[in-house]
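Trainee: I am new to this structure. Can you show me how to read its features?
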Amino acid sequence: MSHFPEFRFRRLRKTPVIRKMVRETELSLSNLVQPIFVIPGAGIRKEISSLPGQAQLSVDKVVEYGKRLRDFGLESVILFGLPEYKDESGSSAWDDNGIIQKTIHALKESVPELSVITDLCFCEYTSHGHCGVLKNGDVDNDATLKNLARQTVSHAKAGADMIAPSGMIDGMVGVIRTALDESGFSEIPIMSYAAKYASGCYGPFREAADCAPQEGDRRSYQMDPANSDEAVREALADLEEGADIIMVKPALFYLDIIRRIKDEFHVPTAAYNVSGEYAMIKAAAANGWIDEEKVMLESLLSIKRAGADIILTYFAEQVAARCTTNGRVAC
Ligand code: PBG
Ligand code: ZN
């Protein structure tokens with residue numbers, strides 16, 4: 001490479017055509033997954049105040065929404081359910097007539113083109129709000145594994161296309177893989193929340209999914225934000241147990257982790273652009289402090305550039321509605 005003044009970086013920044021020609025990273029709708037919150041009832045759309053633009057939807061409204069997303073060119077959603085009842089173990093999570101199971105059936109019947117990922121955890125289903133069965137005030141790892149196997153098979157029977165366990169329970173991927181294989185669902189992939197941090201950025205989600213712990217926090221199962229090597233070991237363990245896709249969560253404060261995992265394993269990598277990250281951008285934009293569309297796209301692009309192949313984001317619909325031609329994102 002020659003040096004200035006023979007060489008000038010600005011030559012390749014001069015026109016839009018040249019800038020696009022040398023772009024290294026591009027977002028596409030195929031990379032984006034829209035989260036959806038399902039509630040019991042019919043005809044209900046309840047706005048979530050801390051997640052502007054997102055709502056809790058009854059099953060019929062999820063179907064309408066799914067059609068709209070499909071028409072915008074989105075191909076994938078992840079479901080979170082607010083059940084009819086909660087108990088100590090979260091048993092409504094593996095009820096074949098449960099909220100998620102009903103939603104999958106309805107979506108498969110009316111919008112079969114849409115790929116349905118289900119989040120596998122218990123915090124929405126337990127009376128105490130923790131991600132598994134409690135013993136002496138803490139999540140009992142191995143007892144929770146048994147219930148995860150039940151929940152998995154119930155989602156698979158209902159027609160889920162992909163299973164995404166989010167509880168950070170040791171051994172969860174292996175147990176889920178075995179449960180799927182033994183019940184005839186060996187083709188269903190697992191997207192593991194492998195490196196999920198005990199983050200302050202989940203606040204709005206806990207309002208949306210009604211899953212805040214009644215007592216204590218999740219630091220005995222989710223990762224310490226200070227750790228990076230541990231994320232690599234978590235991802236390795238999940239891959240050895242049979243994970244097909246490794247997820248890092250949150251995304252924006254953990255771009256270094258996404259890059260490390262991508263470089264280390266070269267496997268399909270996902271990042272969850274979480275509720276607090278979304279809410280911060282929405283709030284600043286609502287105050288007129290930042291340009292919403294610009295920051296939305298820049299933040300998503302940064303996640304992609306860090307190495308994520310897949311991005312779970314509350315912005316998916318907004319990107320699809322406003323910024324694409326033939327599935328390629330450009331605004
Ligand atoms: C539940 C779960 C959480 C999120 C996804 N699955 C919350 C938590 O761990 O407390 C957070 C998603 C978001 O903030 O957007 N295990
Ligand atoms: Zn949980």
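Mentor: Start with a term. A cavity is a set of grid points where a 1.4 Å probe fits but cannot get out. This model is predicted. Here, the largest cavity is the space taken by ligand 1.

Trainee: How many residues surround ligand 1, and which are the closest?

Mentor: A residue counts if one of its heavy atoms lies within 4 Å. Around ligand 1 there are 18 residues. The closest are Arg206, Gln222, Lys249, Ser275 and Tyr314.

Trainee: Which polar side-chain atom lies 2.8 Å from an oxygen atom of ligand 1?

Mentor: Look for N or O pairs within 3.5 Å. That atom belongs to Gln222. Taken alone, ligand 1 exposes 400 Å², and the protein buries 100% of that.

Trainee: Now the metal. What are the protein donors of the zinc ion (ligand 2)?

Mentor: Donors are N, O and S atoms within 2.8 Å of such a metal. For the zinc ion (ligand 2), the protein gives the SG atoms of Cys121, Cys123 and Cys131, at 2.2 to 2.3 Å. Their spacing in sequence reads C-x1-C-x7-C.

Trainee: Why is the arrangement around the zinc ion (ligand 2) tetrahedral?

Mentor: Check the angles. With four donors, all must lie between 85 and 135 degrees. The four donor atoms here subtend 100 to 126 degrees, so the arrangement is tetrahedral.

Trainee: Are Cys123 and Cys131 buried or exposed?

Mentor: Buried means under 20% relative accessible area. Both Cys123 and Cys131 are buried.

Note on methods
Residues numbered from 1 in each chain as written. Chains lettered and ligands numbered in written order. Predicted model: local features only at pLDDT ≥ 70, side-chain atom pairs only at ≥ 80, totals over all residues. Heavy atoms only, no water. Donors = N, O, S within 2.8 Å, 3.2 Å for Na, K, Ca; no water. Tetrahedral: all angles 85-135°; square planar, octahedral: opposite > 155°, others 65-115°. Buried < 20%, exposed > 50% of the residue type's maximum accessible area, 1.4 Å probe, protein only. Polar contact = N/O pair within 3.5 Å; in protein donor to acceptor, adjacent residues only side chain to side chain. Areas by Shrake-Rupley, 256 points an atom, 1.4 Å probe, with all protein chains shown as cover. 1 Å grid on protein atoms, 1.4 Å probe; cavity = no way out; pocket = protein on both sides within 12 Å on 5 of 7 lines; lining within 4 Å. Sits in = over half its atoms within 2 Å of the grid points.
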